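Subject: A structure for you to look at

Hi,

Here is the structure I promised to pass on to you. Please open it next to this email and follow along as you read.

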Amino acid sequence: MKNIWRLFELVPRYKARLLKVVLVNSILGFAGLAIPYVFRNLLNIVVASVRTGWSATVAHKIFWSLGLMFGIYVVNAFFDYIAERLSDFLFIDVIWEIRRAVFKHLTSVSIDYYEQNRSGEILSRINTGTMDFGQWVMGLADGVLGSVLMTIFVVTFLWIKIPAVGIIMTISLPINFYWAISKVIKTKALRQEWHKHTEKGMGEMTETISQITTVRSFAQEKYKFDRYLTAIDGYRDIRLKQARVEWWTNYNRAILNSVTIVLALGVTAYGVLTGHNSVGDVALVSWYLLQIRGTINPLSRTIINTGDLETSAERLVHILNVKPTVVDAADAKPLPGIESIEFQDVSFHYPGKATDVLRGISFKLAKGQKLALVGPSGVGKTTVTKLLMRFYAPTGGEILINGQPIENFSQNSIREKVGTVMQDVALFNDTIEENLRFAKPEASAEELAAATKIAHADNIIDKLPDGLQTLVGERGIKLSGGEKQRIAIARAVLRDPQLIILDEATSSLDSESEKFVQDGLEKLMKNRTAVMIAHRLSTIQKADQILVLDNGKIVERGTHRDLVKNQQLYARFLSLQTTTT
């Protein structure tokens, strides 16, 4: 229950509302106790009047018994309505509150968590955990609490009125709940495996949907389907094993409950024949037994659902317990502006990796200067920018901004000064305007127009039927590579950053698109500090400083002219590209 309680801690202000539900269900429990008792008295009056005949006194008693029963039903209906309202609002609000808390937490988790876990598996844990918890709370509020209270009231009353029946129920009920708890314990490992298979399957499905164009381009629908089947392999067998335990438990409970009913009615009938009970007592016990039988299954189901919830809550709590690997210092201050950037003997390896991807990287970049990073794939160029944006912390060395350790400044204040244009442009499935406003939500129409013009995106937008209101699709699938790049540049212009990070921004474009994009990038970088990653060396020849990386180290540094003269790795890259061109 510790994981369920952990979720309850996310909704502290709803505990008082649960108490209200308990009070309402207490009234419903008393009503459930009262109605059969009034019916017992009514039946005894009718049986007695068979011998004495009809009279005004009998009519008066019957009238008041029926009136009392009607009144109890009306009160019961009213509080049932209140209970339903309370439980529905509680379910909706609890789901909303938990998802709000989980989403807020996810936005604070460091980037490395998302690079190590598939988004589909994360979403599966969140959806399953929050829905299971919400439905469990709703079940408690909507009937379960009332059933528990009514069962306690009924058994207590039977102990007073017909002790033998009370004893039978006191023996039967614990056995019922013991079997339910035993089922939960026996199937715990199965539930954990089931959730793992479900999450893996959801991860595969989400990834396939998000990359459906690539899947179809390679005609690999069957391949991805087979991978999905592999991910969920064993799901059916696990669920059947779990179901078999439940079937056997339900069968045993059904036999036990049948024996309980027969014994209780037999004892009560014997009491009628010996003069200890009335005919109405038989009806009373029958009604109470039917009520309790109707509550045993839901209560047992709640116990089983609690076991299911504990498993899904455990997996959701695992996400909630993930701590950011990069956090602001207690005395971190806002970064007023970027005057200089310096890497001093910086090394880094990714979490879970033993090998350094960067080793002893040192450079200094003054305000307004352009730095280019060159080298084969996988040598750590993009990692440099991730460290600069504090997605990760160096495992060795130090990064300075304005001569101070980067840790002195808050992460958000650093990123607010940065604009990025990547090779794989990340656009949201929304309108072009909303994608632009992501950089500056309060931007005016004039600012939007100016930004799109600088990026040469205005002529693209003007040709679209819906202009700025055009939906770009998932990850911008409705736009070409060049169009997405120009939108990305316009977004960066709108942000008006002090530092520009370009990561292979033109590598996948045709010559015409590259010309427009490169012109937009030059306007974007004007009078701004920039860090550029490029394979096309023609795009970085004007850089103030070029660093050539290989195996995580800087093997060359200088201007384009200096590196060409050196006739080493940079010159060889340039020669290959010139020859290819």
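A word on the ground rules first. This is a predicted model, in which local features need pLDDT of at least 70 and side-chain atom pairs count only at pLDDT 80 or more, while totals for chains, interfaces and linings use all residues. Residues are numbered from 1 along each chain as its sequence is written, and side-chain values use heavy atoms, with hydrogens and water left out.

**The whole chain**

The protein chain has 20 helices and 10 strands; these are DSSP runs, numbered from the N terminus, with helices (H or I) of at least four residues and strands (E) of at least two. Its C-alpha atoms fill a box of roughly 125 × 55 × 50 Å along the principal axes. The radius of gyration is 36 Å, whereas a compact globule of 581 residues would have one near 25 Å (taken over C-alpha atoms; the globule rule is 2.2 Å times the number of residues to the power 0.38). Of the 581 residues, 46% count as buried, meaning under 20% relative accessible area with a 1.4 Å probe, protein chains only.

**Two helix pairs**

Two packed helices are described by the angle between their axes and the distance between the axes. Axes are lines fitted to C-alpha atoms, for helices over the stretch in contact, and angles run from 0 to 180 degrees between N-to-C directions.

Helix α6 (residues 163-186) packs against helix α10 (residues 235-273) at about 180°, with the axes 10 Å apart. That makes the two roughly antiparallel (over 145 degrees).

Helix α7 (residues 188-210) and helix α11 (residues 279-320) pack at about 50°, again with axes 10 Å apart. On the α7 side the contact is made by R191, Q192, H195, K196 and E199, and on the α11 side by G307, D308, T311, S312, E314 and R315; contact means heavy atoms within 4.5 Å.

Where does Q545 lie? Q545 is in strand β9 (residues 545-550). Q545 counts as buried because its relative accessibility is 17%. Leaving out residues up to four places away in sequence, Q545 touches F363, K364, K370, L371, A372, R557 and G558.

Enjoy exploring!

Notes: Parallel < 35°, antiparallel > 145°, perpendicular 65-115°, else oblique. Buried < 20%, exposed > 50% of the residue type's maximum accessible area, 1.4 Å probe, protein only.
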